[in-house]
Amino acid sequence: MARVSLTPRRSLLFRVTEWYSKRTYGKVLDPARAMAHNPRVLWSDLRFEQSVAKWKSLDADLKALAVMASAAAIGCSWCMDFGHWESQERGMDVRKLHDVPVWRDSDVYTPLERDVMEYAEAMSASPPEVGDELAERLVATLGEAAFVELTAMVAVENLRSRMNAALGLTSQGFKDQCEIPARPDAAAR
């Protein structure tokens, strides 16, 4: 359950955001509803996300896998839900989207895709656990520009996922079901 009301004051900025969101996604995104309680945060986020959308050095499927692996590692069901829908709409292989939370046990990924997801998980750990060997492999395969974009995308997803999870935002129904396995340390609590 959301920790802030998802019915913010209907400022001009929120009404424009609401219109765009409905037109683009079919519904108003809950993170926008939550951020609308602070118009400066919403405005900054909108401008930032527009800028991020223009990054094109990294393959779109690799970017999606990195984003979803990071969201799964953090435990953001909203991001998994939206990421699955967004990538499926773009034509990505549904098996790859479905298996992100269990990518180590799945046979649908290439070695490069596995490295990207391993990197996303390692970056999403607190503190980050990125090894030199993995980073060197990715730089050699992707090139420096795409590697920097991969790193930035995982950092961006950490911002999104941690904010959404902390605000209590959960799956909004973009995907019928969101599979995030229970974290081992959560069962011990």
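Contact here means heavy atoms within 4.5 Å. By that criterion, and leaving aside residues up to four places away in sequence, Leu-150 touches Leu-58, Ala-66, Val-116, Tyr-119, Leu-138 and Leu-142. The structure is a predicted model, in which local features need pLDDT of at least 70, side-chain atom pairs count only at pLDDT 80 or more, and totals for chains, interfaces and linings use all residues. Residues are numbered from 1 along each chain as its sequence is written, and side-chain values use heavy atoms, with hydrogens and water left out.

In soluble globular proteins, nonpolar side chains tend to be buried together. The largest nonpolar core has 38 residues, and those touching the most other members are Trp-78, Val-100, Tyr-109, Tyr-119, Leu-138 and Leu-150. Such a core is a set of buried Ala, Val, Leu, Ile, Met, Phe, Trp, Tyr and Cys residues joined through side-chain atoms within 4.5 Å, where buried means under 20% relative accessible area with a 1.4 Å probe, protein chains only. At least two residues of this core come from each of H4, H5, H7, helix H8 (132-142) and helix H9 (144-166); helices are DSSP runs of H or I, at least four residues, numbered from the N terminus. H4 gives the most, with 8 residues. A second, separate core of 6 residues includes Phe-14, Val-28, Met-35 and Leu-42.

H4 also packs against two other helices. The axes of H4 (residues 60-74) and H5 (residues 77-89) come within 9 Å and cross at roughly 160 degrees, which makes H4 roughly antiparallel to H5 (an angle over 145 degrees). Axes are lines fitted to C-alpha atoms over the stretch in contact, with angles from 0 to 180 degrees between N-to-C directions. Ala-64, Met-68, Ala-71 and Ala-72 of H4 meet Cys-79, Met-80, Gly-83, His-84 and Ser-87 of H5.

With H7 (residues 111-124), the axis of H4 comes within 8 Å and crosses at roughly 40 degrees. On the H4 side the contact includes Leu-62, Leu-65 and Ala-66, and on the H7 side Leu-112, Glu-113 and Val-116 are among the residues.

Most peptide bonds are trans. The bond from Ser-126 to Pro-127 is cis, with omega near -5 degrees, and Pro-127 is found in the loop between H7 and H8.

Conventions: Angles under 35 degrees count as roughly parallel, over 145 as roughly antiparallel, 65 to 115 as roughly perpendicular and the rest as oblique. Buried means under 20% relative accessible area, exposed over 50%, partly exposed in between (1.4 Å probe, protein chains only).
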